[in-house]
Structure formats: C-alpha cells, structure tokens
Amino acid sequence: MTAQTGSEEASSARPVTLLPLAGHEPQERADAARNRIRLLEAASRLVREVGAEHVTMEAVATAACVGKGTVFRRFGDRVGLMTALIDHAEKEFQNAVICGPPPLGPGAPPLERLEAFGVHTIRHMMKYVDLYVEADNCPTRRYSAPARTVRAFHVTDLLRRAGATGDLELLTQVLLAYLDPSFLNHHRNGRCFSAERIEDGWKDLVARVTHRC
C-alpha cells in the first residue's frame, strides 16, 4: 500500500460539492423562514432545559405559541425536528472537513486526514450527542441520511487515495460504525470510556483497516 503526499493529494483533488443535509430547507417566503427560525429557537431552548430526549412536538408548539400541526407540517415528525436542529452544526462540520486546515482539511496525506476525520467526528458527535441520538432513532433513515452519505463519500475517497485494498465501500461502513452516535454515547457516557481511549481506538482501527499495524 502506498500513500500520496499532501501536495499530490491537493493537486489531484477534485472540487467537492457538499450534499444537502436532511434539515436543509429550499427557498421559502420570508414569513415562512421567520416561522421556522422561531420554531427552531423554541426547540433549542427546550433541548437546553430538559434534554433532547424529552422534547416533544407538542412542547415545541407550546413554547413557540403555535398549533401542533404547524410543527408537524414544518418538520414532518420528531426525527425531522431533531435533524433540523443539528443542521447548522453539520454545515460547520462539513466545511471544516472539505476546506478547513490540515490535517482535517486538504493538504495532509490521506491517512493523516482519515485519522483526523475520525477524531474530529468523535468530538463533534459527543458535543451534540443527545441531538444525534434522537435524530438517529429511525432505522430506515440511519443509512440514507445525507450527512452520513457525505461522511461515507469522504472516507471512501481517503481510503482510495491512501491505496487501501479490498471492498472500500464495506470498509467505509465498518469505520463509520465506530463513529455512530449511539455507539459513542454508550461507550463514553454508559461505560465511562475516556475520550482519549475512544480516539486511540479509532486510530488503531484505521491502522488495521489500512494494514499499517
């Protein structure tokens, strides 16, 4: 297996267009945009006060002084609401990965970027873990969520650039399983694994998947 240098990677990299996130909204009327912001502000306030797991569509409607049907029309269901709440955080995350400084962003060798990607993802997930766990509760959406698609594309691309062999799509899913918010939440908060242990585990997994160990 061979690894490209950072300069080679940068020169051969193609522009990457970020995929739309599940909470992304199309162009809308000014009053509709204001209404959406109002609902998200009410939902964010409730998350801070009672935790994401206790936030209901009815509670958001009451806090925003609107009918419950308005909340359902705006977000579809509770998973849609949770996804919309993490939309801004996802955009910042993607921006750092695609055009931020190395080693997370372009300019570092692919394996260094892959290690940095996992560490950054772990820290990002744990910061917003209650929202991600709630938004990840729908099995039919877990693997088709646009944000996960972005992560999968990026990891597969880094594996390919690093010269990894085997079924890269399946290897990508193995790596992403380690970064699953429920998995991280269980081991960080349920089993009290230290952040350092979890991050070191990611680096070890990358080494094994890419045959560096």
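Which element gives the most residues to the lining of the second largest pocket? In this predicted model, helix α2 does, with five residues.

**The second largest pocket**

The space in the second largest pocket amounts to about 300 Å³. Its lining consists of 13 residues, and those closest to the centre are Ser44, Leu85, Ile86, His88 and Leu131. Two or more lining residues come from each of α2, α5 (78-85) and α6 (87-99). By class, eight of the lining residues are nonpolar, two are polar and three are charged.

**Helix packing**

The table sets out the geometry of both pairs.

| Helix pair | Axis separation | Crossing angle |
|---|---|---|
| α2 (residues 30-50) and α3 (residues 57-64) | within 9 Å | roughly 115 degrees |
| α7 (residues 110-127) and α13 (residues 195-209) | 9 Å | about 150 degrees |

The axes of α2 and α3 cross at roughly 115 degrees. Angles of 65 to 115 degrees count as roughly perpendicular, so α2 is described as roughly perpendicular to α3. The crossing of these two helices is right-handed. On the α2 side, the contact is made by Arg38, Leu39, Ala42, Ala43, Arg45 and Leu46, while α3 supplies Ala59, Val60, Ala63 and Ala64. Eight residues of this contact are nonpolar and two are charged, with no polar residue present.

For α7 and α13, the angle is about 150 degrees. Angles over 145 degrees count as roughly antiparallel, and the two helices are therefore roughly antiparallel to each other. The crossing of α7 and α13 is likewise right-handed. From α7, the residues in the contact are Leu114, Glu115, Gly118, Val119, Ile122 and Arg123; these meet Ile198, Glu199, Trp202, Lys203 and Val206 of α13. Six of the contact residues are nonpolar, one is polar and four are charged.

**Leu205 in helix α13**

Helix α13 also contains Leu205. Which residues does Leu205 contact, leaving aside its neighbours within four places in sequence? With those neighbours excluded, Leu205 is in contact with Val174, Leu175 and Tyr178. Between Leu205 and Leu175 the separation is 30 residues in sequence, and 7.6 Å in space from C-alpha to C-alpha.

**The cavity**

Rolling a probe the size of a water molecule over the atoms shows where empty space is left. How many cavities of 30 Å³ or more does a search of the whole structure find? The search finds one, and the space in this largest cavity is about 50 Å³. Its lining is made up of Phe93, Gln94, Val97, Ile98, Phe117, Val150, Arg151 and His154. Helices α6 and α10 (146-162) are the elements that give two or more residues to this lining. The most come from α6, with four residues. By class, five of the lining residues are nonpolar, two are polar and one is charged.

Methods:
Residues are numbered from 1 along each chain as its sequence is written. This is a predicted model: local features need pLDDT of at least 70, side-chain atom pairs count only at pLDDT 80 or more; totals for chains, interfaces and linings use all residues. Side-chain values use heavy atoms; hydrogens and water are left out. Axes are lines fitted to C-alpha atoms, for helices over the stretch in contact, and angles run from 0 to 180 degrees between N-to-C directions. Angles under 35 degrees count as roughly parallel, over 145 as roughly antiparallel, 65 to 115 as roughly perpendicular and the rest as oblique. A crossing is left-handed if the near helix is turned anticlockwise from the far one by less than a right angle, and right-handed if clockwise. Contact means heavy atoms within 4.5 Å. Ala, Val, Leu, Ile, Met, Phe, Trp, Tyr, Cys and Pro count as nonpolar, Asp, Glu, Lys and Arg as charged, and the others, Gly among them, as polar. On a 1 Å grid over the protein atoms alone, a cavity is a set of points where a 1.4 Å probe fits but cannot get out, and a pocket is an open set with protein on both sides within 12 Å along at least five of seven lines; lining residues have an atom within 4 Å of a point. Grid points are joined across faces, edges and corners, and a volume is the space filled by probe spheres set on the points.
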